[in-house]
Amino acid sequence: LIMILLTACGTNPPLATATLVAPSPSPVATTLVPPTEVVATKVPASTQDAVIVLKIVPEESSLTYEVGETFINQNNRFATAIGMTSEINGEIFANPVDPTQSKLGVITVDISTLTSDNTRRDNAIRRDWLESNTYPLVTFVPRSITNLPESYTPGEPYTFQVQGELTIKQTTLAAEFTVTASFDGQELRGTTESEFNMSDYNIGPISVAGILNTEDLVKVKLDFVARP
């Protein structure tokens, strides 16, 4: 570069063109600067990504009914008829990040499988009263859930309400259930108890002339276990 400048400033005529050839650079000592450390920041999962789909496990769940009955032919002896089934199906969409966004799918119970301590009673229920041989499924369609906690502690029980429509035989009515449930991250256990008049669903009270009469009120209890 110095030579070119001296030539350009001399008295000789200016060069029309100049070809520059860069010499090979001499080795230069280099100090390596470590790159800036990148710290990974955990991004919270969206509420949608946090949803865990849980399915009710029929073998570990049960639906039980209780109905008072008076045996006319046994000096009006009072007893409580109890029947049970495990044929329960449904899904729960649990959101551990924001429990208030948890949802409940349609719950069905196959009442044609209800079994008590009396086969004659069970057959009469399936054939004549519940007509569960013809209408085997009781269906609950949830519409809303209230009083869910804003956060949860694994394994701690919480109580909330579920509103929706309950269909028995061919009758659909509004219903609300109070549920107590706990979730440990892998398993949801819950229970709910309710009662209603059989006459509301056109299935009772049941009367067998000269033999027995039942109360109109029926108590129902659902215990369920659900897993991913």
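R227 lies in strand β13 and E187 in the loop between β10 and β11, so the pair ties together parts that are 40 residues apart in sequence. Salt bridges with shared partners join E60, E187, R189 and R227 into one network. I took a salt bridge to be a side-chain nitrogen of Lys or Arg within 4 Å of a carboxyl oxygen of Asp or Glu.

The model is predicted: local features need pLDDT of at least 70 and side-chain atom pairs pLDDT 80 or more, while totals for chains, interfaces and linings use all residues. Residues are numbered from 1 along each chain as its sequence is written, and side-chain values use heavy atoms, with hydrogens and water left out.

I used relative accessible area with a 1.4 Å probe and protein chains only: buried is under 20%, exposed is over 50%, and partly exposed is in between. E187 counts as buried at 17%, and R227 as partly exposed at 28%.

I then checked two other pairs. R121 and D117 meet through their side chains in a salt bridge of 2.9 Å, N to O. R121 is buried at 14%, whereas D117 is exposed at 71%. R127 forms a salt bridge with D128, with the closest N and O atoms 3.1 Å apart. Here R127 is exposed at 52% and D128 is partly exposed at 41%. The count of salt bridges came to ten.

**Strand β11 and its partners**

I read strands as DSSP runs of E with at least two residues, numbered from the N terminus. Two strands pair if DSSP finds at least two bridges between them. Strand β10 (residues 171-183) runs antiparallel to β11, and five bridges join them. Their hairpin has four residues between the strands, and G185 there takes a positive phi near 105°. Ten bridges join β11 to strand β13 (residues 212-227), also antiparallel. I noted A226 in β13 as the bridge partner of L188.

**T192**

I placed T192 in strand β11, residues 188-197. T192 is the bridge partner of V179. T192 is buried, at 9% relative accessible area. Leaving out residues up to four places away in sequence, T192 touches F177, T178, V179, V220, K221 and L222 (heavy atoms within 4.5 Å). The side chain of T192 also reaches the backbone oxygen of T178 at 2.8 Å.

Key: A polar contact is a pair of N or O atoms within 3.5 Å; within protein, one must be able to donate a hydrogen and the other to accept it, and residues adjacent in sequence count only if both atoms are side-chain atoms.
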